[in-house]
Amino acid sequence: MNTVVPLLDLRAQFATIREPIYQAIARVVDSQQFILGPEVEALEREVAEYCGAKYAVGCSSGTDALLLALMAVGLQAGDEVITTPYSFFATAGVISRLGARPIFVDIDPESFNLDAAAISAKITPRTKAIIPVHLYGRTAEMELISAVAARHGLAIIEDACQAIGAEYRGRRAGVLGHLAAFSFFPTKNLGGFGDGGMITTHDASLAGKLRILRVHGMEPKYYHRCVGIMGRLDALQAAVLRVKLRYLDIWTAGRQANARCYATLFSSRRLIPWITLPQEPTAVRHVFNQYVVRVPAAHRDGLRRFLSEQGVGTEVYYPVPLHLQECFAGLGYQAGDLPHAERAAAETIALPVYPEMTSAQQMHVVDAIARYVAAVTDRVGRSAA
Ligand SMILES: *Cc1c(COP(=O)(O)O)cnc(C)c1O
């Protein structure tokens, strides 16, 4: 039988939680209370507790969580926000959406996260905030980022959309800056049955602003203090997420076990350094929303095609760094400006790491890569001879 290994198998996960999920959905349907309300409030308390944050505010997506966070710190048109060029588009899109300017700082090639040491050179009198992204579930260098932000009085908004449960020196994503944005998009480690998001903070006044901003700046009803957005969270999503949150640590442990197993398998097949694997530094609890490896750029797309033929799902996160996106041409960046991000965009490939993956499936992925490497290195060897 042909082994198939999708990049993510949400049906396998659902099979393990079908009953409690149907009960949670029935509870909401019976209540006929669909927007915000007690389910959302309960999820907010549970996520705040999970992250160790004082407050959590549910909202409509991870993108809106970032947007609301920037609105809460008072970002104005013309302001600058420092962030990474190597992330999902939303990280920078929300900055532009508010008329502000994303200032991209290159990444550290080992962690794929913002190079904290390069931030201070990009700070100007217009800089208002830094958005570090905990990419793939690995926290950014928050100690250095916090120090530079404190020195210049900048707000830190964590893009923790891929990193619920990730830790940096024993503290969780969600409490490593002033505000943190989470996404419950179905492919995230805690994914809903549609869109959803959350913002965490220790600051009561920011939490209060967020609650008003997510309902069109309204407080009390039909009195609008400021122009907010329609950024509410649905009770159905909250009810589903509350069930899934109870399993999150088990699923995270499964992802970590798969990551460690890849490390053993790739090294026993002598595939390192042809392939470069993600590391788990001791200061970090990496939650592996994605397991992203580097391979030689000349072979990346060929490997993806071969794996697809072998039934293995992969993805490239992300093929075009943000500073080279068409919509940001006006910012004036050129190819070559941020070489580490550009190289990562050409060399990276995400492999399946979801917790329900079996060891036979994982072996199939590694076998397929080993066969591809044997074929191409043999060809390289012969053509060099
Ligand atoms: C998923 C994601 C977002 C956006 O979340 P949505 O819920 O899809 O809006 C933002 N930043 C990063 C890094 C993400 O992975």
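## A first look around the model

Tyrosine 318 lies in the loop that links α10 (297-309) to α11 (339-347); helices here are DSSP runs of H or I with at least four residues, strands are runs of E with at least two, and both are numbered from the N terminus. The model is predicted, so local features need pLDDT of at least 70 and side-chain atom pairs pLDDT 80 or more, while totals for chains, interfaces and linings use all residues. Numbering starts from 1 along each chain as its sequence is written, and side-chain values use heavy atoms, with hydrogens and water left out.

Proline 273 belongs to the loop between α9 (248-268) and β10. Leucine 36 has a positive phi, near 50°, and isn't a glycine; look for leucine 36 in the loop between α2 and α3 (38-51). Most residues other than glycine have a negative phi, and most peptide bonds are trans.

Now for the ligand. It has 14 residues around it, and the closest are Thr63, Asp159, Gln162, Ser183 and Lys188 (near means a heavy atom within 4 Å).

| Residue | Ligand atom | Distance |
|---|---|---|
| Aspartate 159 | nitrogen | 2.8 Å |
| Glutamine 162 | oxygen | 2.8 Å |
| Serine 183 | oxygen | 2.6 Å |

On its own the ligand exposes 380 Å², and the protein buries 93% of that (Shrake-Rupley areas, 1.4 Å probe). Helices α4 (62-72) and α5 (90-97) are the elements that each give two or more residues to the shell around the ligand.

Elsewhere, three strands make an open antiparallel sheet, ordered β7-β6-β10 (strands pair when DSSP finds at least two bridges between them). β7 (171-172) and β10 (284-285) are the edge strands with a single partner each, so one side of each has no neighbour in the sheet. Strand β6 (residues 167-168) runs antiparallel to β7, and 2 bridges join them. In one of these pairings, glutamate 167 has arginine 172 of β7 as its bridge partner.

Finally, take threonine 16, in the loop between α1 (10-15) and α2 (18-31). Its side chain reaches the backbone oxygen of glutamine 13 at 2.6 Å. Threonine 16 and glutamate 356 are 340 residues apart along the chain, yet 9.7 Å separates their C-alpha atoms.

Key. A polar contact is a pair of N or O atoms within 3.5 Å; within protein, one must be able to donate a hydrogen and the other to accept it, and residues adjacent in sequence count only if both atoms are side-chain atoms.
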